[in-house]
Amino acid sequence: MKKIVSLLLMSMVAVAVHAEADPNFYIYLCFGQSNMEGNAAAESVDKTGVDKRFRLLATCNYDNPKRTLGEWYDAIPPLVNPIGGLGPSDYFGRTMVAALPANIKVGVVPVAIGGCRIQMFDKDLYKSEVNKPGDWSASIANNHYGGNPYQRLIDMAKKAQEVGVIKGILLHQGCSNNGDPNWPSMVKTIYLNILKELGLKAKDVPLFAGETEYADMGGSCYAHNTVVANIPKTLTFNGNVCGYVVSAYGLPGNGTDPWHFSAAGYRTLGKRYAYEVLRAMGMEPKVDADYQMTTNLKKFYMVKSFDTMLSAKAGSTVTLKLMATFFDGHKEDLTREATFSSTDFTITTSGKDKRVKLGAEGTSGTVEAVYTDFLGTVHTVTLTVATPTAITTPIAPFHTPLWTPVYTLQGIKAGYMEQWDSLPQGLYIVKGKKIVKP
C-alpha cells in the first residue's frame, strides 16, 4: 500500500512539474566542438543590450562570470563554458527573440568541447574519448561536464523541460571528423537517442547542422561540408525532413587558424541558424513589427551600401555576387539570399552559383539583385558587369563641364557632372563613353 501511495505521489509531482512548463518558452539544445563553444573574443557590443527574453541555462560552473550549473541567466557571452567565447548561439538567440512575438522567450542549453569528435556525444562511445591521456577535449569534458558530455546535455535538457518546451537542436561539429562519410549516421544515432531520452518526436524537434569554414575564406575542413549536406536526407522520417543545413558560405575566418570564424563570422552564422529555424517553423526571417530593437543590434541588421561592380575578361563567365557593408561595419556575402535577373544577360545556374557570360566583344551590361533584410527592407541593387577595359579612369568634374549630363547604361539620365560625387557606384555613359564611378 505504501508503495502505491509513493508512486501516486511521484506521479502527482511529475504532473505538477510538467504543468509548470511554459509553452511560450522555446528551448534549443546546442552541442558540438570549438565553433559551437565560441572561439572569438566577445566585444563590448556583444555584452550590452541583450534582450531579457533570451536566456541561458548554465551547463557547467563558472567563476567569471559567476554561474552555477543548472541555473538560468541572461544570455551574455560566454554562453557555453568559461573557456569559450562568442559563438553562433549568441546571435541565434538575439535574432530569434527579435523575430518572435513579445510573449515568446528563447533559451539555449549548450554543451560544446573544443577539438572533440562527434563520438564524444555518443552515449555508448564517449568513454574512449574522455579517457584519452593528455587530450585537450578530454580535459574539457572531465573538468566541465563531469566526464560525460552527452549525459550533461540530457540532464540539463530535462531541467529545461521543467520550465519550457524544447523546439530544436543546433549542432556545429566536423573538423575532428573532417570528411568522414559515417558522420551523418553517427549524428542520427545521437539525435534519436536525445529524442528518446527526452520523450520528443523528430517532427517537433528538428536538428540544424552548420557548415564549416569554406576554402576561399581560409578554412581547412571545407571537405566536411559535402558530408553535412547529407543531413536532410539522413534525418528524414516518414516523409518529414527533420534535418537542415546552415550555410557558412562567405563567412570570414579569424585570420589566425584554418578552423574558426571571426567574431563577425559568428554573428552572421548565428543569424543564419535563426533564419533556418524560423523557416522550418513556417515563418519569414523578419523582425516582429512590435519589437523594440537596440541601436547596436539594428546596425548589425541594417545595410549601409552594396558593392555594385563585377569585372571579367571578354568571353568569360562571371559568378554573380552580392556583397554588402552593414552599419556596424561588417561586410557580408548576401549572394545566396538574393534573387537575380537581367535583360542584358542570360543567367545560368552552376551548383548554387548564378552566372552570366560576357560576349566575345566584351559588351557591358547590368544584373538586378533583390535582397530583403531582416528589418523587412527590400533592396534592389543594379550590378554592373563589365570588362576591365570598359572600366576607365573616372572623369572628374573639372575635366568636363559641370552641366554635362550623365546617363546609366540603359540611357536614363542619372544627373549632371556637378553631381558626380553623389552618384552611386557603377558604370555610366558620359559624352558617349563608359565611365566607372568607383
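These are my notebook entries on a predicted model of one protein chain.

**Ground rules.** I number residues from 1 along each chain as its sequence is written, and I use heavy atoms for side-chain values, leaving out hydrogens and water. Because the model is predicted, I require pLDDT of at least 70 for local features and 80 or more for side-chain atom pairs, while totals for chains, interfaces and linings use all residues.

**Whole chain.** I looked up the secondary structure and found 12 helices and 23 strands in the protein chain. Helices (H or I, at least four residues) and strands (E, at least two) are DSSP runs, numbered from the N terminus. The C-alpha trace spans about 100 × 45 × 45 Å along its principal axes. Of the 438 residues, 49% are buried; buried is under 20% relative accessible area, exposed is over 50%, and partly exposed lies in between (1.4 Å probe, protein chains only). I then took contacts (heavy atoms within 4.5 Å). Among those between residues at least 6 apart in sequence, 66% join residues at least 24 apart.

**Sheet.** I traced an open sheet of 4 strands in the order β11-β19-β18-β15, and its pairing is mixed. Its edge strands are β11 (309–311) and β15 (339–341), each of which pairs on one side only. From one strand to the next the twist averages 25°. I count two strands as paired if DSSP finds at least two bridges between them. Strand β11 runs parallel to β19 (residues 378–386), and the two pair over 3 bridges. In this pairing I find Leu310 opposite Val385 of β19.

**Helix pair.** I fitted axes as lines to C-alpha atoms, for helices over the stretch in contact, with angles from 0 to 180 degrees between N-to-C directions. The axes of α7 (residues 149–161) and α8 (residues 183–198) come within 10 Å and cross at roughly 40°. The crossing of α7 and α8 is right-handed, a term for the near helix being turned clockwise from the far one by less than a right angle, left-handed being anticlockwise. On the α7 side I list Tyr150, Leu153, Ile154, Ala157, Lys158 and Gln161, and on the α8 side Asn193, Ile194, Glu197 and Leu198. I sorted the residues of this contact into 6 nonpolar, 2 polar and 2 charged. Ala, Val, Leu, Ile, Met, Phe, Trp, Tyr, Cys and Pro count as nonpolar, Asp, Glu, Lys and Arg as charged, and the others, Gly among them, as polar.

**Backbone entries.** I noted a cis peptide bond between Asn64 and Pro65, with omega about 0°. Pro65 lies in the loop between β2 (54–57) and β3 (72–74). Another cis bond runs from Pro77 to Pro78, with omega near 5°, and Pro78 is in the loop between β3 and α4 (88–99). Asn238, a residue other than glycine, has a positive phi near 50°. I place Asn238 in the loop between β7 (236–237) and β8 (240–241), and Asn238 counts as exposed because its relative accessibility is 81%.
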